[in-house]
Amino acid sequence: MPLTPEQLAEIDALRATPQPTLRAVSEGMEAHLYKAHEVLDHGFVRVIDYMGDDAAICQAARVSYGKGTKSVSNDAGLIRYLMRHWHSTPFEMCEIKLHVKLPVFVARQWIRHRTANVNEYSARYSILDREFYIPAQDQLAAQSVVNNQGRGAALEGDEAARVLEILKSDSNRCYDNYEAMISDEGQAGLARELARMNLPANIYTQWYWKVDLHNLFHFLRLRADAHAQYEIRVYADAIARVVADWVPAAFEAFEDYRMGGVTLSAKAITCLQLMLKGEEVTQESSGMSKGEWREFEAVLQP
């Protein structure tokens, strides 16, 4: 269970005491405040705070006072223009602060996005819980033979069972030793900052992660993509659902121009123009590498 009964009671108490405000409010986001959206076996994502909405993006772009006199449809058109032409600063006017519980190996991949403010649970000060990410059997896969950082065919039967048993037993054995090293038993015990190095990378950590909407969209474009690693993609998917309710016009433009769009090189555009004229174009005549040509062909497939 990602949240304890005490934590759930605390969240219910916070949601039961709303405060009046003059700041911009997103009704869609208000419904998500404090609620924990469960991810993986012990993880979650929950919104702690946010700033701005679709109107705030337009307000910043127009440098106007208040919401101005523009209609919602005009605002949506402006947001699509900003997204289409890669104007980033208006989207930076919106921010979100998330509380995330995630496996350490996912956190180490996530932290590569160096455009957020992060404060992580301290294993120097506190003792980590005995909670590990153990994949569902359908997520166990062999190494891909064509992608050095991807998965291949799923493991099945005895091999899948063997791997799961190794993951479970190694995780618990490491935690048993962790507990034994920090236990005083009449003595000082090993310092927590040293004992933690024996813990596996699938143990859960937690952090607060605050980011502006422009950089959040960049995170989602990479991590909510079908090619992203499953264990981080499910977090990105959960965040994307929240963002869609928070700034619906901006998220729709993001889905259209970033998630659903493609970027073509000058060579690819030239090839496309020649094809539209009825001329035959091959990889050899395109000036593209074999890899570029495969990607270009994939874009043209219906």
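This report looks at a pair of packed helices and a group of aromatic rings.

The model is predicted, so local features need pLDDT of at least 70 and side-chain atom pairs count only at pLDDT 80 or more, while totals for chains, interfaces and linings use all residues. Residues are numbered from 1 along each chain as its sequence is written, and side-chain values use heavy atoms, leaving out hydrogens and water.

Let's start with the helices. Helices (H or I, at least four residues) and strands (E, at least two) are DSSP runs, numbered from the N terminus. Helix α3 and helix α4 pack at an angle of about 70 degrees, their axes being 10 Å apart. Axes are lines fitted to C-alpha atoms, for helices over the stretch in contact, and angles run from 0 to 180 degrees between N-to-C directions. The two helices are therefore roughly perpendicular, a term for angles of 65 to 115 degrees.

Contact means heavy atoms within 4.5 Å. The table shows who meets whom.

| Helix | Residues | Residues in contact |
|---|---|---|
| α3 | 54-62 | Asp54, Ala55, Ile57, Cys58, Ala61, Arg62 |
| α4 | 72-84 | Asn74, Asp75, Leu78, Ile79, Leu82 |

Now for the rings. Rings of Phe, Tyr and Trp (its six-membered ring) pair if their centres lie within 6.5 Å; planes under 30 degrees apart are stacked, over 60 edge-to-face, and the rest tilted. The count comes to 13 aromatic pairs. In one of them, tryptophan 209 and phenylalanine 219 have ring centres 5.2 Å apart and planes at 55 degrees, so the pair is tilted. Both tryptophan 209 and phenylalanine 219 are buried (under 20% relative accessible area, with a 1.4 Å probe and protein chains only). Trp110, Trp207, Trp209, Phe219 and Tyr235 form one aromatic cluster.

Definitions and conventions: Angles under 35 degrees count as roughly parallel, over 145 as roughly antiparallel, 65 to 115 as roughly perpendicular and the rest as oblique. Buried means under 20% relative accessible area, exposed over 50%, partly exposed in between (1.4 Å probe, protein chains only).
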